[in-house]
2 protein chains.
Amino acid sequence: MPPARRRTGRRLGDSGARQQILDTASREFAQHGFDGATIRAIAAQAEVDPALVHHYFGTKEKLFADAVRFPVDPAVALPALLAPGVDGLGERIVRFFVTLWDQAGDQSPFFGVIRGAVSHEQSADLLREFMIREVLGRVAAAVETPDGTDPMLRATLVGSQLVGLGMVRYLLRVEPLASAGIDEVVAAVAPTVQRYLTGDLST
Amino acid sequence: MPPARRRTGRRLGDSGARQQILDTASREFAQHGFDGATIRAIAAQAEVDPALVHHYFGTKEKLFADAVRFPVDPAVALPALLAPGVDGLGERIVRFFVTLWDQAGDQSPFFGVIRGAVSHEQSADLLREFMIREVLGRVAAAVETPDGTDPMLRATLVGSQLVGLGMVRYLLRVEPLASAGIDEVVAAVAPTVQRYLTGDLST
């Protein structure tokens with residue numbers, strides 16, 4: 001029994017421990033991907049016992065699913081984006097994500113998700129489920145499709161532009177898109193997203 | 001000396017050996033990423049001596065750069081796409097890539113490139129260089145920008161939509177975009193690419 005180590009660990013029930021583990025896991029997944037990150041390393045970085053990580057989150061898969069949530073809660077952020085209606089929604093969505101990612105840099109959980117998803121089939125499943133449940137499903141429910149276009153097709157097209165923007169701007173860092181100002185990116189990309197949401201996609 | 005193994009290997013100078021190595025390397029990089037693929041495994045799959053791989057391609061990095069070329073030669077395909085001019089170029093580009101990727105499925109070298117790039121900084125450098133030299137640079141040289149927008153910004157925006165489409169349709173396989181017909185995808189995405197190429201990006 002190493003009492004010194006025990007004392008540096010947080011007690012079960014410490015109100016901050018769960019969030020501390022989540023924050024640490026986000027960072028570890030972002031840096032090392034799904035396979036590279038370990039419960040042991042996450043627990044060490046978070047200064048908790050690995051048993052506490054298992055207690056709160058169960059498996060590494062469940063921890064991943066919880067950890068890759070956006071820095072903001074999609075259950076709060078998406079309704080706020082969608083509430084004013086579809087007018088200007090493309091601009092609000094693009095500005096929201098670019099602002100979020102600019103602040104996070106390439107340590108954003110988003111890139112941990114992408115790293116995991118491309119190298120690990122289970123992570124791809126998790127990312128797909130997360131995207132659909134937390135983002136695309138909400139967007140699909142909000143769009144108007146008078147022409148009968150499947151709202152989920154509209155939402156997945158929005159997702160394709162956002163994922164690609166994230167890849168090229170932050171992960172591959174291809175210039176000049178990598179260094180373009182937020183307003184320039186929003187002006188260029190928002191009309192794409194708006195058209196996917198409300199435009200005619202049949203021509 | 002294992003003469004039996006020698007006889008199964010191709011002789012130096014075999015005209016098909018170089019292409020066989022490249023095809024095998026594309027497949028191995030697509031399946032295992034940059035780090036997971038090895039010269040030894042590629043040589044074994046291609047039924048050549050590892051020394052022949054080194055003879056033709058030098059390092060694994062150089063082999064990667066050669067292997068991740070599109071199934072078609074960009075030096076031929078891109079000029080053919082661009083030659084008819086900017087009218088309808090968005091549609092030709094989207095149809096070209098979707099057709100290529102639909103045929104290749106998720107074993108496409110494109111996805112090997114993506115897998116490598118997200119987990120390996122050197123592969124990200126290689127993908128960036130490849131995209132710029134072989135695709136984006138050619139596209140940028142062909143677009144008209146009467147409003148003074150940087151042609152490379154236009155090209156990287158095109159790249160962002162194509163990379164994201166590839167990610168969501170083939171790698172994450174989010175429905176209904178994953179199963180949408182080519183014509184439906186082209187109708188939805190081509191106007192985006194056309195606007196990035198020739199449209200007003202300032203509003």
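Modeller: E47(B) sits in the loop that runs between helix 3 (39–46) and helix 4 (50–57) of chain B; helices (H or I, at least four residues) and strands (E, at least two) are DSSP runs, numbered from the N terminus. The model is a predicted one, in which local features need pLDDT of at least 70 and side-chain atom pairs count only at pLDDT 80 or more, while totals for chains, interfaces and linings use all residues. Residues are numbered from 1 along each chain as its sequence is written, chains are lettered from A and ligands numbered from 1 in the order in which they are written, and side-chain values use heavy atoms, with hydrogens and water left out.

Although E47(B) is not a glycine, its phi is positive, at about 60°. Its relative accessibility is 52%, so E47(B) counts as exposed; the classes are buried under 20% relative accessible area, exposed over 50% and partly exposed in between (1.4 Å probe, protein chains only).

A positive phi, of about 50°, is also found at R173(B), again not a glycine. R173(B) belongs to the loop between helix 10 and helix 11 of chain B, and it counts as partly exposed because its relative accessibility is 32%. That loop of chain B also holds P176(B), which is joined to E175(B) by a cis peptide bond with omega of about 5°. In chain A, a cis peptide bond joins E175(A) and P176(A), with omega of about 5°, and P176(A) lies in the loop between helix 10 (151–171) and helix 11 (182–198) of that chain.

The loop between helix 9 and helix 10 of chain B contains T149(B). At 15% relative accessibility, T149(B) counts as buried. Its side chain makes a polar contact of 2.9 Å with the side chain of D147(B); such a contact is a pair of N or O atoms within 3.5 Å, where within protein one must be able to donate a hydrogen and the other to accept it, and residues adjacent in sequence count only if both atoms are side-chain atoms. Leaving aside residues up to four places away in sequence, T149(B) touches R154(B) and L201(B), contact meaning heavy atoms within 4.5 Å.

The wider setting is the interface of the two chains. Chain B and chain A each bring 43 residues to the contact, and 12 residue pairs are in polar contact, both at pLDDT 80 or more. On the side of chain B that touches chain A, the elements giving two or more residues are helix 8 (109–119), helix 9 (121–142), helix 10 (151–171) and helix 11 (182–198). Helix 10 of chain B gives the most, with 13 residues.

A rotation of 180° with 0.0 Å of shift along its axis superposes chain B on chain A, with an RMSD of 0.1 Å, by least squares on the C-alpha atoms of residues with pLDDT of at least 70 in both. This is the relation of a two-fold axis. The C-alpha of chain B nearest the axis belongs to G164(B), 1.8 Å from it. Both copies use the same surface, as 100% of the contact residues of chain B recur in chain A.
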